[in-house]
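Colleague: I would like to go through the labels used for this model and hear what each one rests on.

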Amino acid sequence: MKFAANSTLVGAFTLGGIMIFAGFLFFTGGLSSWRGNNERFVVVFNENVFGLNEGGKVTFNGVKIGRVERFFIGDALKDGPVPVMIEVNRKLVDRHRVSLGNEVFDEDGSFKPDILPLLVGQLVQESFVTGILYINLTTDFHHVDTNGSLSTMYGHPLIRSKGSIFAELSESINLEKLSKQVSEFLEAGTAQLQNLKAGELRKSFLSLVENSNLFLDDFSKKVLPLGKNLGDTSEQVRESFKKLDIVNQRMQEVMAPDSDLRFGAVNALHDLSEMSKSLKSLADLLERNPQALIRGKVVTED
């Protein structure tokens, strides 16, 4: 009697588990993939896809409509493209699509032929904590093939792709270009400082002061009967030129190749160039491993 009761209990739990599993497959659309009638497409990403896993979700404007089926790696070396096959689950589409006046999907849950050339795939960060990526499909009306043709890859239609948010951010900032421009500015500024002949400038300025003094002496002698005030004025002018000469000497000291100001300016520009390179490296790191922003540096144990 006890053995029969245990068998009945085990059978009930097994039957209940099978029913729950079947219901899960039905509501998630998993059974439709066994029939092989789901649409499959290939999307090529020219960036690191770390965080995108097999079985990851595929969405259309944020609504889940399928999953990542497989990857194709090693087909090309240049730029490291990664073709990804995605499966659009018709059960999921049919659950959410509107029946009347639907401009995107047909009645069987497949994309309309005139919509396929408009589709664009993009990698999206699901969470900074987990670093998980998924593929979101959108429609792009700005860059469309006028012929409306759709290429194929590995026997499936090829959907266009665009860079992820991190890729677009890295490209828009373009710290590498900024670093190059700073380096060029540094080299040009150094060359101009070296070409600046402060000695000749000082000689010309001193010659001007000397000629001006001769002019004032001659002018004072000729107009001396006009009064003493003019002589006092000429003395003040001489004092002003002497002060200008002192300013010129100090300017020459500042612009000298071994001056502290020039050395500090060169170091500041050099540090700015190194900082821009470091920011570029940081942007590349976050693009490859977004979860590093939360996890930080991994400490390996000996």
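**Labels and their grounds**

Modeller: The model is predicted. A salt bridge joins Arg40 and Glu87, with 3.5 Å between the closest N and O atoms. Arg40 lies in strand β1 and Glu87 in strand β4, 47 residues apart, and the pair links distant parts of the chain.

Colleague: What makes the pair Arg40 and Glu87 a salt bridge?

Modeller: The cut-off is 4 Å between a side-chain nitrogen of Lys or Arg and a carboxyl oxygen of Asp or Glu. The closest N and O atoms of Arg40 and Glu87 are 3.5 Å apart, so the pair is within 4 Å and counts. Side chains of opposite charge can pair when their charged atoms come close.

Colleague: Is Glu87 called buried or exposed, and why?

Modeller: Glu87 has a relative accessible area of 2%. Buried means under 20%, so Glu87 is buried. Arg40 is buried as well.

Colleague: What other salt bridge does Glu87 form, and with which residue?

Modeller: The side chain of Glu87 also meets that of Arg67, at 2.8 Å from N to O. This pair too links distant parts of the chain, with Glu87 in strand β4 and Arg67 in strand β3, 20 residues apart.

Colleague: Why is Arg67 called partly exposed?

Modeller: The relative accessible area of Arg67 is 32%.

Colleague: Which residues make up the network, and what joins them?

Modeller: First, a separate pair: Arg97 and Asp94 meet in a salt bridge at 3.2 Å, N to O. The network is made of Arg40, Arg67, Glu69 and Glu87, joined by salt bridges that share partners. The structure holds six salt bridges.

Colleague: Why is Asn136 called buried, and what does its side chain reach?

Modeller: Asn136, in strand β6, has a relative accessible area of 12%; that is under 20%, so it is buried. Its side chain reaches the backbone nitrogen of Asn61 at 3.2 Å and that of Gly62 at 3.0 Å. Leaving aside neighbours within four places in sequence, the contacts of Asn136 include Thr59, Phe60, Val120 and Gln122.

Colleague: Which residues have the most contacts inside the largest nonpolar core?

Modeller: The core has 26 residues, and those with the most contacts inside it are Leu52, Phe60, Val84, Ile86, Phe111, Ile135 and Leu137. β1, β2, β3, β4, β5 and β6 each supply at least two residues, and β4 gives the most, with four. Not counting residues up to four places away in sequence, Leu52 touches Val68, Phe71, Val84, Leu123, Leu133, Tyr134 and Ile135.

Colleague: Which residues make the nonpolar surface patch, and why can Leu279 belong to a patch?

Modeller: Leu272, Met275 and Leu279 make the patch, which covers about 260 Å². Leu279 is in helix α8. A patch residue needs over 30% relative accessible area, and Leu279 has 41%, so that requirement is met. At that value Leu279 counts as partly exposed.

Technical notes. Residues numbered from 1 in each chain as written. Predicted model: local features only at pLDDT ≥ 70, side-chain atom pairs only at ≥ 80, totals over all residues. Heavy atoms only, no water. Core = buried A, V, L, I, M, F, W, Y, C linked by side-chain atoms within 4.5 Å. Buried < 20%, exposed > 50% of the residue type's maximum accessible area, 1.4 Å probe, protein only. Contact = heavy atoms within 4.5 Å. Patch = residues over 30% accessible without salt bridge, like charges linked within 9 Å, V, L, I, M, F, W, Y side chains within 5 Å. Areas by Shrake-Rupley, 256 points an atom, 1.4 Å probe, with all protein chains shown as cover. Polar contact = N/O pair within 3.5 Å; in protein donor to acceptor, adjacent residues only side chain to side chain.
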